[in-house]
Every structure is written in C-alpha cells, then in structure tokens.
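Notebook open, viewer open. I want to go through the charges and the aromatic rings and write down what turns up.

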Amino acid sequence: TLHHPKLILWGGQDFCFDKHFFEKWVEIYPDADAHWYSKAGHYVLEDALDDVSSKIAEFIRSMNIAHRIAEQARLHPLKKSVVFSSLQKNGTYSYP
C-alpha cells in the first residue's frame, strides 16, 4: 500500500464503476479519506461539485500542512512537540 494520504470521492450512481469498485479501493487503502456520494454519478465532480470541491480543497490544505510539519520536525528534531502543538484546530500552522 502507498504510504501517502489518499482521497477517494465516488459517485454511487456511476454507470460504469459501481459500489463494488469503491469498496475494493477502500479495502486496498483503508487509511484513505473516502466519500460515497449516493446521488452522484460517474462525473462526481459535476454531480456533487460543492461538496467534492470542498473535500479536495481540505485534502490539499492538509497535505501542505502535513508536509510543512514533517519538514520542520526533520529540521528541528528537538522541537517536535512545539511543531506539532503549533498545528491549530482550525487548520492553520505556525512555527515559532
């Protein structure tokens, strides 16, 4: 399995790739951030645009924050607790 964050956004009304495929991807990547959109079809980005675009934006923001935390922890190993405590609940990040 890949040891990287993963986002799965799946349309439940997909005419080609049904729930079996979604369940298989979730089985392969149990740590993935997986979302099932029961009313969306094959073009989940069109069918559930507002929610899907929010999920993608959140995922990208979390990747950027996680990358910066890991980099700061690598550069300043004695300050790891400071680095991780600087990740705020609202998703902002600051390094003292």
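This is a predicted model: local features need pLDDT of at least 70, side-chain atom pairs count only at pLDDT 80 or more; totals for chains, interfaces and linings use all residues.

**Salt bridges**

How many salt bridges does a search of the whole structure find? I get two.

I looked at D31 and K6 to begin with. They form a salt bridge, and their closest N and O atoms are 3.4 Å apart. That pair links distant parts of the chain, since D31 is in the loop between α1 and β2 (33–37) and K6 is in the segment before β1, 25 residues apart. Are the two partners buried or exposed? D31 has 52% relative accessibility, so I note D31 as exposed. K6 has a relative accessible area of 12%, so K6 goes down as buried.

Next I checked K24 and E27, whose side chains meet in a salt bridge at 3.5 Å, N to O. Where do K24 and E27 lie? I find both in helix α1, three residues apart, which is about one turn of the helix. K24 is partly exposed, with a relative accessible area of 39%. E27, at 55% relative accessibility, counts as exposed.

**Aromatic pairs**

Now the rings. I count Phe, Tyr and Trp rings as a pair if their centres lie within 6.5 Å. By this rule I come to four aromatic pairs.

W10 is buried at a relative accessible area of 13%, and F22 is buried at 10% relative accessibility.

I then turned to F17 and F21, which form an edge-to-face pair, 5.2 Å centre to centre with 85 degrees between the planes. F17 is partly exposed, with a relative accessible area of 34%. F21 also counts as partly exposed, at 34% relative accessibility.

Which residues form one aromatic cluster with W10? I find F22 and W36 in there with W10.

**K19 and W36**

While I was at W36, I looked up K19. The C-alpha atoms of K19 and W36 are separated by 8.8 Å, and the two residues are 17 apart along the chain. K19 lies in helix α1 and is partly exposed, with a relative accessible area of 42%.

**Negative patch**

Last stop is the surface. Which residues form the negative surface patch? I get D33, D50, D51 and E58. Helix α3 (residues 49–75) gives the most to this patch, with three residues. D50 lies in helix α3.

Note on methods:
Residues are numbered from 1 along each chain as its sequence is written. Side-chain values use heavy atoms; hydrogens and water are left out. Patches are made of residues with over 30% relative accessible area and no salt bridge: like charges are joined within 9 Å, nonpolar side chains (Val, Leu, Ile, Met, Phe, Trp, Tyr) within 5 Å. Accessible areas come from the Shrake-Rupley method with a 1.4 Å probe; for residues, only the protein chains shown count as cover. A salt bridge is a side-chain nitrogen of Lys or Arg within 4 Å of a carboxyl oxygen of Asp or Glu. Lys and Arg count as positive and Asp and Glu as negative; His and the chain ends are not counted. The place of a charge is taken as NZ of Lys, CZ of Arg, CG of Asp or CD of Glu. Helices (H or I, at least four residues) and strands (E, at least two) are DSSP runs, numbered from the N terminus. Rings of Phe, Tyr and Trp (its six-membered ring) pair if their centres lie within 6.5 Å; planes under 30 degrees apart count as stacked, over 60 as edge-to-face and the rest as tilted. Buried means under 20% relative accessible area, exposed over 50%, partly exposed in between (1.4 Å probe, protein chains only).
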